[in-house]
Structure formats: C-alpha cells, structure tokens
Amino acid sequence: MSSDHREHIGEIIRVNGPIVEARQMEHAGMLEVVEVGAMRLIGEVIKVHRGAATIQVYENTSGLHPGEKVFCTSRPLSVRLGPGLLGTIYDGIQRPLDRIAAISGAMINRGEKAEPLDVARLWRFQPLCKPGDRVTSGTLFGEVQETLSINHRLLTPPDVSGTIASIVPEGDYTGEHHLAIVKLDKGGERPLTMFQHWPVRLPRPVRQRLSLRQPLLTGLRVIDAFFPIAKGGAAAIPGGFGTGKTMTQQALAKWSDAHIIVYIGCGERGNEMTEVLREFPELVDPRSGRSLMERTILIANTSNMPVAAREVSIYTGITLAEYYRDMGYDVAVMADSTSRWAEALRELSGRLEEMPADEGFPAYLPARLAGFYERAGKVETMEGKEGSVSVIGAVSPPGGDFSEPVTQHTSRFIRCFWALDRDLANARHYPAISWKNSYSEYLVDITDWWKNQDLDWPTNRQVIMEILQEETALQQIAKLIGPDALPDGQRLTLLIAEIIKNAFLQQNSFDEVDMYCSPGKQSWMMAMLVKFTLRSRDIIHRGGALADIQKLPGLDRFLRMKSEIQNGDTQAMAALEQLLSNGLDALERKFVE
C-alpha cells in the first residue's frame with residue numbers, strides 16, 4: 001500500500017466506528033482505496049454523493065477525528081499476486097502477519113504496513129518464451145518453483161496482448177525484476193514481472209466454464225459416499241457451537257485431493273484461530289511427506305479484529321484461489337465462517353443507516369453470498385488448461401437454527417449441504433454430519449466417475465441410504481414399544497443400521513488407518529455392508545434367528561474393519577470377506593436344512 005504519488009486529498013467530517021465520511025472527494029471513485037488520517041489507515045470508498053464520500057476503514061478508527069486528511073490512491077482494493085503466497089499468513093487485506101509481527105511485536109500497530117510479498121527474495125526463473133513469440137491474456141511465459149510441492153506458472157496479465165520484444169535468460173531474480181518486455185498491439189511497451197495486482201471484487205477472466213464431472217475426494221466416507229462434492233462445486237457446513245465445523249474443515253484441508261488450500265478464518269474466536277495457525281504448519285502433507293503449509297495460504301481475521309476487514313477477507317481469499325486456478329490447479333477454499341462475515345455486513349449496514357431486512361441483515365445479503373459462492377467452478381483457463389475452485393463455507397446459525405437467514409440464503413447458492421447434528425457431536429460421532437438432513441445435488445454429475453471405479457457403487461449407496469431411512473422410522477416405534485417387541489426382520493434392520501453408523505460413517509481422525517479412507521476401500525466397505533444385509537435378510541426370511549447372526553464369527557472384525565484394514569490391503573479385505581462369508585454359509589445350511 002504505497003503512499004507515493006497522491007494527487008487528491010479530502011477531509012474527514014464524520015467518524016462512526018469503521019465508517020468515515022469525507023468531503024472534497026470529487027475525484028474519488030466507487031471502491032477506490034484511500035488512506036485515512038495521520039496514520040494512513042487503509043479504507044475503501046463505498047458511497048459517493050456530491051463531492052462527499054463514505055469510506056469503510058479496515059483498521060481501528062479510535063482517535064480519528066474530523067479535519068484529518070484522506071488520501072486517494074486512484075486504484076481499487078487489490079491483492080498482490082506472485083510467488084511467495086504459499087505458506088504465508090495474511091489478514092483480510094493481505095497484510096502478512098508474520099512480517100508485521102516482526103516489526104511491531106505481539107500487538108500490531110494501527111497503520112502498520114508491510115509488503116504482501118517479499119520484494120527482496122530471489123526466485124529461480126525459467127523462461128518459456130523467446131523474442132518474437134506472441135502473448136495474450138493468460139499466456140505462460142515462465143515458471144518458478146515456489147515450493148517443493150508447487151510449480152508457480154507465470155502468466156501474462158489479462159490486459160496484455162502483443163509480442164515478446166525481449167526476455168531474460170534463466171537465473172535468479174526478484175519479484176519486481178523486469179523479466180520480459182512486451183510490445184503491445186495497441187502501441188507502447190509493457191514489462192512483465194513475477195508480481196501483478198488484481199481487484200478482489202472482480203472475478204478473474206476464464207475462457208469458459210466447464211461441467212462438473214469429478215468428485216473432490218476428501219477421505220471422509222460420509223461425504224465421499226453419501227454427500228459428495230464435485231471439483232469446482234460449492235458446499236456449506238452449517239452447525240451450532242461445538243458440532244465440529246472447524247475440525248471438519250481442517251480434515252478437508254489436509255486430505256482433500258486439491259492441489260492448493262486457501263483457509264479463511266473469518267470472524268472466528270481468537271483462541272480457535274490460534275490453534276489453526278499453530279497446527280497447520282505442523283501438519284504433514286500426506287502426498288509429499290512435507291509441511292502442509294507448502295501448498296496452503298492462511299487468512300486470519302479473528303472476531304476482535306476490525307469488522308470491515310472481516311467483510312473483505314473472503315474476497316481476498318477467493319481471488320488468491322482464482323490466481324492458482326488460472327495456472328491449472330485445483331484449489332479448495334475453506335471459509336470459516338460465513339455467518340461471522342454476514343454479521344460484519346450487518347454491522348456496517350447499520351452504521352450506514354440502511355433499511356434492515358430479516359433479523360437486521362441488509363437486503364443485499366443474498367446477492368453478496370451469491371457473488372462469493374458463484375466464483376466457485378471448474379473452468380478452461382485463458383491458457384487452455386483446466387482448473388477449479390471448490391468453496392466450502394462453514395455457517396454458524398445461532399442456537400443451531402437452520403431457518404435463520406444466512407443458512408437459508410446460503411442453501412440457495414450451494415448444491416451440497418452437510419448439516420452437523422448436535423446429538424451426534426455429543427455422542428462423539430465424528431464427523432457429526434447428519435445423514436437425515438444433509439444432501440448433495442452433485443450425485444448425478446459424479447456417478448459416472450464412481451462407476452468407473454466400481455459399477456455397483458450407485459446401487460450399494462442406495463441400499464445403505466434406504467436402511468438408514470428405514471431405521472429412522474423404526475426408532476420411533478421402538479421408543480414406544482421397545483426394540484425387543486419388534487420382529488427379527490426389523491431388529492435386523494436396526495442392527496445393520498448400527499453397523500453402518502459405527503463401522504462406516506464414524507471415523508477416528510486420530511487413528512492412522514481410519515483418518516483417511518481411499519475410494520477403493522470405501523467401495524469395498526459398502527459392498528461388504530450390502531452383501532451382509534442381503535444375506536442376513538435372506539436367512540431371517542428362511543426362518544433364521546437374529547441371535548445367530550449376532551454371534552457370527554468375524555462380526556467383531558467386521559465392525560473394526562475401518563481401523564484394522566489399511567487402504568489398498570486387498571489381502572486383508574479378501575480374508576475378512578471370506579471369514580464372514582463362511583459364517584453366513586454355515587447359517588444358511590443350518591436353516592435351509
């Protein structure tokens with residue numbers, strides 16, 4: 001946020017929390033960045049009327065008073081893009097918190113600024129163009145190895161079209177070094193560097209949006225098998241306090257098969273965000289064996305930080321995600337939580353004296369939510385590669401009430417709804433995703449992908465879901481007359497449902513085997529559950545007793561298969577399947593005879 005070359009200066013006439021009004025702002029434009037007061041606090045123009053401007057300030061305005069100056073910058077709120085983003089912890093307006101802490105200590109001073117990317121660091125540049133080559137929006141002109149896990153592809157900015165006049169040889173250069181000179185079609189020249197800026201509220205251009213066909217694999221069985229999300233899809237995790245929203249998002253960040261993770265801590269409690277900031281650098285990437293931070297960007301805006309910065313933080317995060325998407329990567333954005341972001345909108349709207357809508361939220365809340373979630377998607381980039389941004393937003397409805405406005409409006413713009421259940425959370429069932437209230441509209445899109453892995457996947461999934469639905473109805477009857485009064489066929493359904501919940505849906509995030517379940521193991525477990533169900537029902541139908549089924553040899557191992565059988569251990573899978581099959585065969589012979 002450089003303070004040089006300011007041409008226009010306004011004057012503060014009113015301060016209302018993070019909202020500041022200034023006059024003599026005839027030259028200011030909507031959404032222009034300004035610097036307010038003697039400390040040059042960063043703000044953004046959100047209203048212009050007859051030479052006066054309303055500004056939302058992204059820092060604490062205590063002590064700011066009428067008469068202080070406002071400096072215009074003639075540019076929109078933007079983020080700086082380039083190598084060095086990965087592994088960094090930013091606040092909502094892309095100030096690097098680690099570098100600011102090194103300058104100001106434990107307490108960040110107001111007006112403190114630091115370059116979002118290290119301008120002195122040298123990067124090894126590999127040119128991929130030569131003089132005379134034509135470049136347009138999104139053309140690859142060079143590469144930098146940003147981390148051991150991620151190769152950073154340098155693309156020409158969207159407004160560049162011309163011919164390479166010169167380009168530097170392979171070597172070590174800073175981010176601001178002129179790597180190439182482009183002779184523009186419209187006349188003049190334009191230098192290309194590793195760094196570029198992009199307005200956070202403007203989606204980056206793509207060649208076309210693509211249909212969603214591949215699931216974002218998470219390793220969580222209840223998601224992958226029952227309520228999958230496609231790569232490029234949008235999902236919400238609503239749940240009351242303590243139901244496991246943050247824990248689920250952290251598991252998704254670690255195990256999902258996205259190349260890049262952008263984690264936005266938006267308005268969460270300080271101690272909870274501190275845990276994230278401490279734990280993420282220590283997490284090991286299961287694919288590379290190195291730190292997960294090598295492919296992660298953290299954006300931290302706790303509930304005690306300025307409310308306006310909380311509002312802009314999700315736009316900062318989604319813009320960084322789109323930047324890596326344009327390189328051809330699959331990016332997953334975790335927004336925790338959009339409810340706190342909506343509360344920031346409500347506070348700012350109240351200070352602007354706007355007419356409130358449901359529960360005090362502004363009338364434009366649905367439009368803002370749509371603008372965020374609709375930036376998800378799978379696309380063909382300007383370079384012709386495929387990339388995706390998947391958005392997973394946590395929602396924190398007060399008291400766990402899913403009928404409140406943020407949850408209701410969010411459900412309009414997402415196609416995957418993972419409802420967290422307090423009863424499951426209290427029973428230590430992780431993840432506490434309710435199979436009764438959750439849904440996914442991506443099933444039709446990704447079924448062909450699963451059928452290529454396992455032809456029986458759709459049928460097995462349907463059978464298991466029907467068992468759980470039937471169990472819900474039987475539980476109501478069992479509460480009235482007791483489970484022992486039910487016939488063996490219905491008691492068998494209750495038994496199988498318990499096996500499904502305990503052996504399949506529940507996962508132990510601290511168990512080295514069970515913390516991640518591969519697609520192959522998931523398909524095998526589902527097939528085992530369906531075979532056991534069909535054969536057990538047949539035995540009961542032929543006159544067998546439920547007590548004999550409960551005594552089957554191998555049933556205890558069947559219940560522990562999630563933690564005892566490794567991913568890909570086909571030998572152990574076959575051995576357990578044979579053991580259970582032998583027991584069922586013996587029962588069939590006994591009751592058939």
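**Aromatic and charged contacts in a predicted model**

W457 is buried, since its relative accessible area is 1% (buried means under 20%, exposed over 50% and partly exposed in between, with a 1.4 Å probe and protein chains only). The model is predicted, so local features need pLDDT of at least 70 and side-chain atom pairs count only at pLDDT 80 or more, while totals for chains, interfaces and linings use all residues. Residues are numbered from 1 along each chain as its sequence is written, and side-chain values use heavy atoms, with hydrogens and water left out.

The structure holds twelve aromatic pairs; rings of Phe, Tyr and Trp (its six-membered ring) pair if their centres lie within 6.5 Å, and planes under 30 degrees apart count as stacked, over 60 as edge-to-face and the rest as tilted. One of the pairs is formed by W450 and W457, which are stacked with 5.0 Å from centre to centre and 5 degrees between the planes. W450 counts as buried because its relative accessibility is 0%. Another pair, F226 and F227, is edge-to-face, with centres 6.1 Å apart and planes at 85 degrees; both F226 and F227 are buried.

R40 lies over the face of F71, 4.1 Å from the ring centre. The ring of Y315 has the charged end of R201 over it, at 4.9 Å from the centre.

Across the whole structure, a search finds 41 salt bridges, each defined as a side-chain nitrogen of Lys or Arg within 4 Å of a carboxyl oxygen of Asp or Glu. R80 and E176 form one of them, their closest N and O atoms being 2.6 Å apart. This pair links distant parts of the chain, 96 residues apart: R80 is in strand 7 (residues 78-81), and E176 is in the loop between strand 14 (171-174) and strand 15 (180-184). Here helices (H or I, at least four residues) and strands (E, at least two) are DSSP runs, numbered from the N terminus. R80 is buried, with a relative accessible area of 10%, whereas E176 is partly exposed at 40%.

Strand 14 also contributes D172, whose partner R124 is in strand 9 (residues 122-127), 48 residues apart in the chain. The closest N and O atoms of R124 and D172 are 3.4 Å apart. R124 is partly exposed, with a relative accessible area of 46%, and D172 counts as partly exposed at 43%. A further salt bridge joins E564 to R560, with 2.5 Å between the closest N and O atoms. Of these two, E564 is partly exposed at 41% relative accessibility and R560 at 35%.

Finally, helix 13 is worth a look. Its 23 residues (519-541) should span 33 Å at 1.5 Å a residue, and the end C-alpha atoms are 33 Å apart, in agreement with this; the expected span is 1.5 Å times one less than the number of residues. Just after helix 13, G543 takes a positive phi of about 110 degrees.

Technical notes. Lys NZ or Arg CZ within 6 Å of the ring centre and 35° of its normal.
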